[in-house]
Amino acid sequence: MDSLLNLLDPTWWLTILGAFATIGVLAIIFAETGLLLGFFLPGDSLLVAAGIFSSASVAVGMGIEPLSFPMLLIGTPLCAIAGAQLGHFLGARFGRRMFDKPDSRLFKREHVVRAEEFFEKFGPAKAVVLARFVPIVRTFMNPVAGVLEMPAKRFFVWNVIGGVVWVEGLLLLGHFLGNKVDPKQIDKYILPGVFLIVLISLIPIIFEVVKRRRNPKAAPMPTGKHHRVPTSTDGP
């Protein structure tokens with residue numbers, strides 16, 4: 001249990017990676033957005049923590065090397081975009097075979113269903129952007145978009161928009177906090193900060209849901225009959 005909790009703790013990752021923390025953040029963000037098995041990795045919290053520990057005073061106080069903020073600003077969105085593109089490519093290339101496997105500790109079919117419902121609820125463009133702010137859905141949305149035949153060029157445009165807004169926003173927030181908060185008390189602010197980020201990230205999704213309920217005829221929802229991701233129980 002402790003090892004599982006460590007995997008979800010961004011501070012643990014940054015401490016373990018040490019001098020390679022900046023490169024480690026890039027690799028984790030790529031895996032979390034591009035590989036199905038990466039859904040359990042920290043995303044939002046890692047970006048905020050990386051921004052915080054790019055402050056030299058905070059990093060030294062925690063006993064780790066400061067992360068390179070310029071490299072984070074440039075490299076992390078590129079990794080987030082590249083990871084999502086890989087996920088879309090794999091979904092388009094392999095289709096239902098990607099999800100044609102039994103449930104296990106690392107794979108749950110319900111994650112695929114949740115991403116597919118998200119795709120249908122908001123439509124392709126908004127779903128790709130908004131999914132960036134929803135853990136697990138963020139990972140499974142990209143291959144689902146490929147399986148559901150979202151054109152690669154269109155996916156790329158909205159992938160770039162969502163990736164840049166998500167990554168840069170959280171990094172800048174973390175960097176701001178790292179420069180404003182007393183380094184000796186930074187550990188007291190990380191967890192509340194993560195909860196705040198999750199709350200903020202849900203605002204656009206709540207806004208979309210409320211708007212659709214008030215004006216359901218403005219953008220009819222797909223029925224799911226033609227878009228549902230097939231699974232092994234569906235037969236040929």
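Author: A residue is called buried when its relative accessible area is under 20%, exposed when it is over 50%, and partly exposed in between, with a 1.4 Å probe and protein chains only as cover. By that rule Arg-138 counts as buried, because its relative accessibility is 3%. The model is a predicted one, in which local features need pLDDT of at least 70 and side-chain atom pairs count only at pLDDT 80 or more, while totals for chains, interfaces and linings use all residues. Residues are numbered from 1 along each chain as its sequence is written, and side-chain values use heavy atoms, with hydrogens and water left out.

In one of them Arg-138 pairs with Glu-32, and the closest N and O atoms are 2.8 Å apart. Arg-138 lies in helix H9 and Glu-32 in helix H3 (residues 21-34), so this pair ties together parts that are 106 residues apart in sequence; helices here are DSSP runs of H or I with at least four residues, numbered from the N terminus. Glu-32 is buried as well, because its relative accessible area is 1%.

Arg-138 also meets Asp-44 in a salt bridge, at 3.3 Å from N to O. This pair links distant parts of the chain, since Arg-138 belongs to helix H9 and Asp-44 to helix H4, 94 residues apart. Through shared partners, the salt bridges join Glu-32, Asp-44 and Arg-138 into one network. Asp-44 is buried, as is Arg-138, and the helix that holds Asp-44, H4 (residues 44-52), is mostly covered, with nine of its nine residues buried.

Val-134 is found in the loop between helix H8 (124-130) and helix H9 (137-147), and Val-134 is buried, with a relative accessible area of 8%.

Finally, Arg-138 is one of the residues that line the largest cavity, together with Val-128, Ala-131, Arg-132, Met-141 and Asn-142. A cavity is a set of points on a 1 Å grid over the protein atoms alone where a 1.4 Å probe fits but cannot get out, and lining residues have an atom within 4 Å of a point. Helix H9 gives the largest share of this lining, three residues.

Notes: Helices (H or I, at least four residues) and strands (E, at least two) are DSSP runs, numbered from the N terminus. On a 1 Å grid over the protein atoms alone, a cavity is a set of points where a 1.4 Å probe fits but cannot get out, and a pocket is an open set with protein on both sides within 12 Å along at least five of seven lines; lining residues have an atom within 4 Å of a point. A salt bridge is a side-chain nitrogen of Lys or Arg within 4 Å of a carboxyl oxygen of Asp or Glu.
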